[in-house]
Amino acid sequence: MLTKINYQKELDKLIDHLQKEEKVPTLLLHSCCAPCSSYVLEYLSSYFKITVLYYNPNIYPESEYSKRIIEQQTLIGEMDTKYPVQFIAGGYDKEKFYEMNIFQIANMGEIYPDDCRDFLKEGGVRCFKCYELRLRETAEIAKEGGYDYFTTTLSISPLKNAAKLNEIGLKLAEEYGVSYLTSDFKKKNGYKRSVELSAQYGL
């Protein structure tokens, strides 16, 4: 029987360990949006020097992508954090997202010969491919930039599969040689706090 991992407890243990170190580690934080990043930044900015990467090629149209970049930058500028938070605007790679979906849909007959709804539904295979698309870009930039850790805000959403996110993140950590910060940010009322902060900052 597989043991269910409490990723929040794992993160708490790591933070306890890091607080005993002299060096403050660097973290590349993939952000899906400013509202979801609000609690994560409030929580982690006391322990890491964070750079936020906004990269979400699933957003359409490009004008909406640009609006979300501006909102993310505005939030970073307004939040009071222990360590300064930097920002990277990821490219609008919508073609990568389209290609991923077209390839998967073309092969659905082989993946789900009886029923393709498992692929298309929220939380299905399509979502996991999108997780990996965004986390892979984050891992690549983290490696290029020499960051100590990378992670994503995605686990704060009640609709996102934290176990799958961590599984993908850990796989990419091994591939790229950069540590993945395991998380389940919805724990400890993280999602609730993100809603409160979103209201506070008018997100």
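Helix axes are taken here as lines fitted to C-alpha atoms over the stretch in contact, and the angle between two of them runs from 0 to 180 degrees between N-to-C directions. The model is a predicted one. In it, the axes of α2 and α9 come within 8 Å and cross at roughly 110 degrees. Because angles of 65 to 115 degrees count as roughly perpendicular, α2 is roughly perpendicular to α9. On the α2 side the contact is made by Pro-35, Ser-38, Tyr-39 and Glu-42, and on the α9 side by Gly-190, Arg-193, Ser-194, Leu-197 and Ser-198.

**Sheet and its covering helix**

Five strands form an open sheet in the order β3-β2-β1-β4-β5, and their pairing is parallel. For β3, the pairing with β2 (residues 49-54) is in the parallel sense and extends over four bridges, and within it Gln-86 of β3 is the bridge partner of Thr-51. Helix α3 (residues 62-78) lies across β1 (26-31), β2 and β3, and it runs at about 175 degrees to β3.

**Nonpolar core**

The largest nonpolar core comprises 55 residues, and those with the most contacts inside it are Leu-41, Leu-44, Phe-48, Ile-50, Phe-150 and Phe-185. Helix α7 (residues 125-145) gives the most to this core, contributing nine residues. When residues up to four places away in sequence are set aside, Leu-41 touches Leu-29, Ile-50, Val-52, Gln-72, Leu-75, Ile-76, Met-79 and Val-85.

**Aromatic pairs**

The count of aromatic pairs comes to eight, and two of them are set out below.

| Pair | Distance between ring centres | Angle between planes | Class |
|---|---|---|---|
| Tyr-39 and Tyr-43 | 5.6 Å | 15 degrees | stacked |
| Tyr-65 and Tyr-92 | 4.8 Å | 50 degrees | tilted |

Tyr-39 and Tyr-43 both belong to helix α2 (residues 34-44), where they are four residues apart, about one turn of the helix, and both are buried. Together with Tyr-47 and Phe-185, Tyr-39 and Tyr-43 form one aromatic cluster. Tyr-65 lies in helix α3, whereas Tyr-92 is in the loop between β3 and α4 (94-106), so the pair ties together parts that are 27 residues apart in sequence. Both Tyr-65 and Tyr-92 are buried.

Where is Ser-155 placed, and which residues beyond its neighbours within four places in sequence are in contact with Ser-155? Ser-155 is in the loop between β4 (149-152) and α8 (162-176), and leaving those neighbours aside, it is in contact with Ala-162, Leu-165, Ser-183, Asp-184, Phe-185 and Lys-186. Because residues under 20% relative accessible area are classed as buried, Ser-155 counts as buried at 2% relative accessibility.

Thr-182 is placed in the loop between β5 and α9 (190-200), and with a relative accessible area of 15% Thr-182 is buried as well. Not counting residues up to four places away in sequence, Thr-182 touches Tyr-7, Glu-10, Leu-11, Asn-166 and Leu-170.

Conventions
Residues numbered from 1 in each chain as written. Predicted model: local features only at pLDDT ≥ 70, side-chain atom pairs only at ≥ 80, totals over all residues. Heavy atoms only, no water. Core = buried A, V, L, I, M, F, W, Y, C linked by side-chain atoms within 4.5 Å. Buried < 20%, exposed > 50% of the residue type's maximum accessible area, 1.4 Å probe, protein only. Helix = DSSP H or I, 4+ residues; strand = E, 2+ residues; numbered from the N terminus. Contact = heavy atoms within 4.5 Å. Pairing = 2+ DSSP bridges. Phe/Tyr/Trp six-rings, centres within 6.5 Å; stacked < 30°, edge-to-face > 60°. Parallel < 35°, antiparallel > 145°, perpendicular 65-115°, else oblique.
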